[in-house]
Amino acid sequence: MVHKVVNKLNENNRYDVIIVGGGMVGAATALGLAQMGFNVLVVEKNVPSVEWTEQQPYQLRVSALTRASENILKNLGAWQGIAKRRYHAFTSMRVWDEVNPGEVIFSAAEMDEPNLGYTVENDVIQAALWEQLQAHDKISLCLNESLADVKLYADYAEVIIGETTWQTPLLIGADGAFSKVRELAGIAVEEHSYQQCAVVGCVKTELSHEDACWQRYTANGPFAYLAMSDNVSSIAWYLPEDKKQWALELDDKAFANELEKASGFRLGQVLEVSQRGAFPLVRRHAKHYVLPHLALVGDAAHTIHPQAGQGVNLGLLDAAALVETLSQARQQGKSWGRQSVLRKYERWRRGDNAIVQRSMEGFDWLFKQDSEIKQQIRKPFLSLANRMTWVKNWLMGQALNGREALPNLAKRD
């Protein structure tokens, strides 16, 4: 059992880097920095479990990891922890809508790739990262404690956790969409609600998912099956916000029937349903990723429409870019908490994240069934797009491998 690691905390209450938030992105940032020789303190209120058995039910939240994310996790030593638990490679993606014929098929074989990524439960990713965190002698853990205050001075940041005050050249906020680090630092956020929610969970279907991710655009929004093992798929069912409680309160049989209809019966009957949950869809983008002695990563900096599963992938790229920026500054004898250093990270990641945010909104706009004109545009679009193999492969390559310039951690060995 993990507990507060008092014996590894510095006597002078000072660390090279303090990270608030030990989720997937925060943990990856900590490991990357520790590998580069930084002494890191990770502050996490909710301690994740690293225990796992094959009988454990599938979890609610699942991510579709790209090749870039796979490389990051391999380079951090965490991929073996995922492989010994549970993950599934998908080899194609199929996209269509309910009112027009035709579909777009993205195929790993057409790209000479072994797969197009992996579906992995978020809890599995986090457990694999935390195994590495607990074993690393450069990482200290402050657990079951809450952030009380942040003060930024000319030469350092002061972080108050519980009743203890810590000092650091750099505080990293990796504490999610409702980041307290961001709030206490006074960083404003651009926010836009999509007026939708995503209903998630795992189901077992009558027909094989064929190692594919299936996405159908409906009048309510997209519906997706993400392939997992043994005819099990993770679902992402996007609905207007006012339908959230209706979807959650359906009994299992009625819920299964609604999923069959939303998917156009593509995988036949839904035979089993598991626990389900729902969350609202909101785009957020911090006005600034950095201040002197402070940086934001992952959902603390940005959230995105999840229809292409890019959220955690963008966050892991944030982590890799920040690790590289800080380690280069240290090698050059610069203070890694200086805003001039941190601005390099912000320039590297903010524009790319904004492009992906807007691209996802563009797809959502195009496939929204709110205009006869858009329906007429889409009618030839899907069949034409499916024949443009080089365009499909370029788009998928961008999503799978990441866009240049890639951080070193995101590259193959």
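## Cavities and helix packing: worked exercises

By the rule used here, there are two cavities of 30 Å³ or more. A cavity is a set of points on a 1 Å grid, over the protein atoms alone, where a 1.4 Å probe fits but cannot get out. A volume is the space filled by probe spheres set on the points, which are joined across faces, edges and corners.

The model is predicted: local features need pLDDT of at least 70, side-chain atom pairs count only at pLDDT 80 or more, and totals for chains, interfaces and linings use all residues. Residues are numbered from 1 along each chain as its sequence is written, and side-chain values use heavy atoms, without hydrogens and water.

**Exercise 1.** Describe the lining of the largest cavity.

*Solution.* 
- Start with volume: about 40 Å³.
- List the lining residues (an atom within 4 Å of a point): Thr-66, Ala-68, Gln-310, Asn-313, Leu-314, Leu-317, Gln-398, Ala-399, Gly-402 and Arg-403.
- Sort them by class: four nonpolar, five polar and one charged. Ala, Val, Leu, Ile, Met, Phe, Trp, Tyr, Cys and Pro count as nonpolar, Asp, Glu, Lys and Arg as charged, and the others, Gly among them, as polar.
- Assign elements. α8 (311-331) and α11 (389-401) each supply at least two lining residues. α8 gives the most, with three. Helices are DSSP runs (H or I, at least four residues), as are strands (E, at least two), numbered from the N terminus.

**Exercise 2.** Find which strands each supply at least two residues of the lining of the second largest cavity.

*Solution.* 
- The volume is about 30 Å³.
- Lining residues include Val-200, Cys-202, Val-273 and Arg-276.
- The strands are β13 (189-205) and β17 (270-286).
- By class, the lining has six nonpolar, three polar and one charged residues.

**Exercise 3.** Classify how α2 packs on α8.

*Solution.* 
- Helix α2 (residues 67-75) and α8 pack at about 45 degrees, axes 9 Å apart. Axes are lines fitted to C-alpha atoms, for helices over the stretch in contact, and angles run from 0 to 180 degrees between N-to-C directions.
- Therefore α2 is oblique to α8. Under 35 degrees is roughly parallel, over 145 roughly antiparallel, 65 to 115 roughly perpendicular, and the rest oblique.
- Find the contacts (heavy atoms within 4.5 Å): Ala-68, Ser-69 and Ile-72 in α2 meet Asn-313, Leu-316, Leu-317 and Ala-320 in α8.
- These residues divide into five nonpolar, two polar and no charged.

Methods. 1 Å grid on protein atoms, 1.4 Å probe; cavity = no way out; pocket = protein on both sides within 12 Å on 5 of 7 lines; lining within 4 Å.
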